[in-house]
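Take a look at the chain below. We will walk through its overall build, its surface and its aromatic rings.

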Amino acid sequence: MYSNIFARAALRPSTRQLIRSDLYHFENSNGQNVPFNTKNRAALAIKMTLYLGAGFGAPFLGAYWQFYKAG
């Protein structure tokens with residue numbers, strides 16, 4: 001029982017160091033902290049419109065489908 005407590009106490013500093021370690025490095029400049037390209041503004045606008053439009057339109061398409069099934 002005590003050996004388990006001591007074993008956990010011995011492992012704690014190494015796990016804390018692993019959690020605190022900086023595994024990734026990101027530049028602090030505009031457009032470098034997002035997972036998509038912001039250089040081509042036209043393509044970004046089209047992609048954002050499609051993504052946000054699909055999310056906004058999904059409930060309306062679902063309501064239309066329910067009314068369509070009902071006759």
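**A walk along the chain**

The chain has two helices and zero strands. Helices (H or I, at least four residues) and strands (E, at least two) are DSSP runs, numbered from the N terminus. This is a predicted model, where local features need pLDDT of at least 70, side-chain atom pairs count only at pLDDT 80 or more, and totals for chains, interfaces and linings use all residues. Residues are numbered from 1 along each chain as its sequence is written, and side-chain values use heavy atoms, without hydrogens and water.

Start with the surface. Of the 71 residues, 3% count as buried. Buried means under 20% relative accessible area, exposed over 50%, and partly exposed in between (1.4 Å probe, protein chains only).

Now find Met 48 in helix 2 (residues 41-70). Met 48 counts as partly exposed because its relative accessibility is 43%.

Next come the rings. The whole structure holds three aromatic pairs. Phe 56 and Phe 60 form a tilted one, with 5.3 Å centre to centre and 50° between the planes. Rings of Phe, Tyr and Trp (its six-membered ring) pair if their centres lie within 6.5 Å; planes under 30 degrees apart count as stacked, over 60 as edge-to-face and the rest as tilted. Why are Phe 56 and Phe 60 separated by about one helical turn? They are four residues apart in helix 2. Phe 56 counts as exposed, at 59% relative accessibility. Phe 60 also counts as exposed, at 53%.

Finally, look at Tyr 64, Trp 65 and Tyr 68. These residues form one aromatic cluster.
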